[in-house]
Amino acid sequence: MVGLNQLKTSQQNVEQTLGYTMPAPVAGLNLTDPIDKMDQSYALALENVVPNGLSCMVRKGHTFFGGLETDAYDIQTLEGMANANASYTLFAASLGTNEIYDITSGTFTSRAGPFTNAIWNCDTFGYRTYFANGVDDVQVGTSSAVAASTFTGIALSSLINVSSFKERIYFVEENSLTIWYGNSRAVGASALNTYDFSFAMKEGGFLVSCGSFSNNYADSTQDLFYALSSEGEILFYNGSSPSDVTTPWGLVKRAKIGRPLGYRAFVRIENDVWLLTDQGIVPISAIFDSAPSIALETAGQKINPLIAQYAAVLPFSHLWRGCYHSKERKVYITIPLSETSTMLLVYSLVGNAWTTYTFYENKIALKVASVAGSLFYGGLLGNVYNGETGNADYINSVTINPTRFFGRGAFSFYGNRGLWKKYAHIRPLLKTVRGRNLSLGLDTDFKQTSEITAIGASVSAATPWGSPWGSPWSPGVDYIYDRYAVKGQGYSAAIKFGGAINNASLEINGFDIRYMQGSW
């Protein structure tokens with residue numbers, strides 16, 4: 001029989017020190033693939049780290065734009081409108097005051113109210129922003145004023161959503177399958193027309209939203225009208241309007257998707273509309289290209305379980321919203337953590353990858369709006385912030401918090417699934433200001449551990465360009481390729497990293513890991 005000492009000696013003889021390069025999680029968050037077969041460029045968790053195709057960056061910060069600075073005045077509505085003179089108007093409505101404000105300059109100027117509540121569904125039509133909430137009369141905002149709509153034909157307080165289609169404005173009547181729409185280019189001072197979908201909708205329920213969608217999957221591009229019910233039934237019509245006899249109104253497609261999560265639970269992104277449902281994201285374009293069940297596995301395939309998880313907690317809420325910010329080439333979706341708090345689910349079109357944004361205060365981004373190249377968050381204390389700006393997180397005009405970040409990469413067997421490994425060192429390739437701190441660690445064999453080691457990037461012996469004479473000059477941001485000891489044993493391991501950074505950028509390019517490999 002082989003003795004224990006002989007076995008140990010035999011094991012040591014066959015152990016080898018090997019190296020392996022793991023990419024940064026440039027493919028983004030992945031909550032669906034089998035954990036033992038996941039591509040190494042995905043992440044099991046990603047918080048405030050943005051994949052951009054080739055590397056990952058800690059997200060930008062946000063600066064204070066303006067606010068009421070009063071408890072219980074959280075922003076409930078945030079809507080931007082581009083004006084004819086290349087300027088923009090930014091509207092907000094705040095809990096507590098229930099007024100509609102013009103905050104374009106950063107100062108809250110009351111334009112109308114108080115109203116019954118501060119939750120409005122909005123859309124822009126004819127250089128006007130229309131506000132509807134189902135309890136107060138529809139309001140119309142311009143660059144200089146907000147006033148009650150002058151449309152007639154129905155009690156305007158019963159209209160809860162608004163959109164436009166082929167130069168007409170459309171309203172959704174609350175708790176019904178009925179729409180009310182204006183004449184061509186009518187902005188008010190006329191009677192609204194009506195159309196009832198209750199004889200076309202087979203699933204019942206009530207109408208949640210409607211609007212336009214440009215179908216590029218037909219022989220020629222068509223601008224279609226869609227109507228979405230609370231039961232996830234969606235109808236598509238061609239023609240100009242229900243009452244237009246020149247181009248007849250006709251049903252062209254019917255589909256059944258998951259239940260929508262709110263009156264504004266959708267995102268207009270380029271020439272598509274992403275619908276937010278209790279099953280996940282359903283792009284309307286994919287409904288025309290494939291079956292609804294397959295459409296569900298397109299844009300949101302990797303993160304739909306996250307949406308479904310929080311949809312089970314809050315299945316219908318004004319907090320479920322989204323916006324597309326073309327300057328950053330990102331889609332932002334507000335995910336309600338509760339009735340008064342959110343995080344952001346963010347899609348980078350540069351890397352075609354998902355991540356999450358969290359903040360020290362989970363009320364920072366109750367609402368997100370993009371207008372004229374600027375991104376705004378609205379939330380805590382009636383405050384509004386410039387999003388994706390700088391490298392620090394402002395709570396108000398003076399209080400700054402560092403940006404906390406965390407990532408947990410995919411598990412890897414490092415080239416050999418059947419052999420046990422003893423992990424020794426990790427060498428991350430970072431681009432940041434020297435002297436910044438972060439933490440590194442390993443999870444082994446699909447188990448999460450709390451062990452993570454704080455490390456400090458080596459301090460530069462030089463000073464940034466432009467410093468006084470007397471020391472070597474260097475860029476303020478530099479590549480760092482230092483080696484750090486880690487602990488872990490097993491067949492597979494996932495690299496995790498985290499930290500907090502303030503007034504500096506941080507780029508993560510990859511990780512080199514060294515380990516001893518045994519014969520078993």
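**Walking through the model**

Biologist: What about Trp-354, buried or exposed?

Modeller: Trp-354 is buried, at a relative accessible area of 3%.

Biologist: Before I go on, what should I know about the source?

Modeller: This is a predicted model, in which local features need pLDDT of at least 70 and side-chain atom pairs count only at pLDDT 80 or more, while totals for chains, interfaces and linings use all residues. Residues are numbered from 1 along each chain as its sequence is written, and side-chain values use heavy atoms, leaving out hydrogens and water.

Biologist: OK, the overall picture then. How many helices and strands are there?

Modeller: The chain has four helices and 45 strands. Both are DSSP runs numbered from the N terminus: helices are H or I with at least four residues, strands are E with at least two. Of the 520 residues in the chain, 52% are buried. The C-alpha atoms fill a box of roughly 95 × 60 × 40 Å along the principal axes.

Biologist: Back to aromatics. How many pairs are there?

Modeller: The count is 40 aromatic pairs. Rings of Phe, Tyr and Trp (its six-membered ring) pair if their centres lie within 6.5 Å; planes under 30 degrees apart count as stacked, over 60 as edge-to-face and the rest as tilted. One of the pairs is Phe-213 with Phe-288, which is stacked at 5.7 Å centre to centre and 25° between the planes. Phe-213 is in strand β19 (residues 207-215) and Phe-288 in helix α2 (residues 284-289), so this pair ties together parts 75 residues apart in sequence.

Biologist: And how do Trp-274 and Trp-354 sit?

Modeller: Their ring centres are 6.2 Å apart and their planes lie at 40°, so that pair is tilted. Trp-274 belongs to strand β24 and Trp-354 to strand β29, so parts 80 residues apart in sequence are tied together.

Biologist: Which residues are buried in helix α4?

Modeller: In α4 (residues 304-311), Asn-304, Leu-306, Ile-307, Tyr-310 and Ala-311 are buried. They lie on the same side of α4, because they cover an arc of only 160° around the axis; the arc is that of the directions from the helix axis to the C-beta atoms.

Biologist: What do they pack against?

Modeller: Several strands, including β24 (272-277), β27 (330-338) and β29 (353-357). Contact means heavy atoms within 4.5 Å.

Biologist: Switching to strands. Which way do the side chains of β12 point?

Modeller: In β12 (residues 129-132), Thr-129 and Phe-131 point one way and Tyr-130 and Ala-132 the other way, and all are buried. In a regular strand, side chains alternate between the two faces of the sheet.

Biologist: Which strands does β12 pair with?

Modeller: β11 (residues 121-124) pairs with β12 in the antiparallel sense over four bridges, and three bridges join β12 to β13 (residues 139-141), also antiparallel. Two strands pair if DSSP finds at least two bridges between them. Thr-129 is the bridge partner of Thr-124, and Gln-139 in β13 is that of Phe-131.

Biologist: What sits in the turn between β12 and β13?

Modeller: That hairpin has six residues between its strands, and Gly-134 in the turn has a positive phi of about 85°.

Key:
Buried < 20%, exposed > 50% of the residue type's maximum accessible area, 1.4 Å probe, protein only.
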